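Work each one out on the structure before you read the solution.

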Amino acid sequence: MSNTVSDTKRIAFVVAPLTGDELQATRRDAAIVYSILTDPQLGMCHKSKSKLIHECSNRDNFQSELTSVLKDWDSQTQLIIYFSGHGEVANKNKYCLKIGETKYPFSNLISELEIAGVNRAIIILDTCHSGAAIGIKKDGSSLISEEVPQGIAIIASSKQTQLSYELQDGSADFSRDVEKEMRFAISQREPNTILCYI
């Protein structure tokens, strides 16, 4: 499905949290994805309303930045969230994004989107165990969670039980593939149209 550029409303929220020395690719990958998403010929996200957060230090900082993006949200706007960093399954099978030394429950993110009236979103998680964001059955297998509202898609770099990896060139394996596929898909679209990602 394509729309004309003038009809499009899309905002990017791209986050590379503080990760310590163990992850080197988050800043690079976030910057590349942000540049693709906000390029008027490529991702077509509204540049002045989109945010790139490098070295997000804690969950309060993340929440504050998210709140500013969601302020006065127009339900016709599509939100694209890209998070490159650590993720883990915490107590009682709750998936969390790790931001600095703090944990941010993924369910909080979904709640914030619902409260703001976001009904068109793509959430890209380049984190370990990110498949847990779609839900976990009692036996440990994944399912599409009832907590994820209709209209919100989640793209995970790994299964609930898997790790995500960085390559020797300093990029994350998953992010490199996302970048490549975004550029390919966008290059195939007709001039003056946008691509519906999902």
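**Exercise 1: a residue in a loop**

D72 sits in the loop between α2 and β4 (78-84); helices (H or I, at least four residues) and strands (E, at least two) are DSSP runs, numbered from the N terminus. One heads-up: this is a predicted model, where local features need pLDDT of at least 70, side-chain atom pairs count only at pLDDT 80 or more, and totals for chains, interfaces and linings use all residues. Residues are numbered from 1 along each chain as its sequence is written, and side-chain values use heavy atoms, with hydrogens and water left out.

Task: is D72 buried or exposed?

Step 1. Get the cut-offs: buried means under 20% relative accessible area, exposed over 50%, and partly exposed in between (1.4 Å probe, protein chains only).
Step 2. D72 has 71% relative accessibility, so it counts as exposed.
Step 3. Look at the backbone too: D72 is not a glycine, yet its phi is positive, near 55 degrees.

**Exercise 2: another loop**

Task: is M44 buried or exposed?

Step 1. Find M44 in the loop between α1 (26-38) and β3 (51-56).
Step 2. Its relative accessibility is 10%, so M44 counts as buried.
Step 3. M44 isn't a glycine either, but has a positive phi of about 60 degrees.
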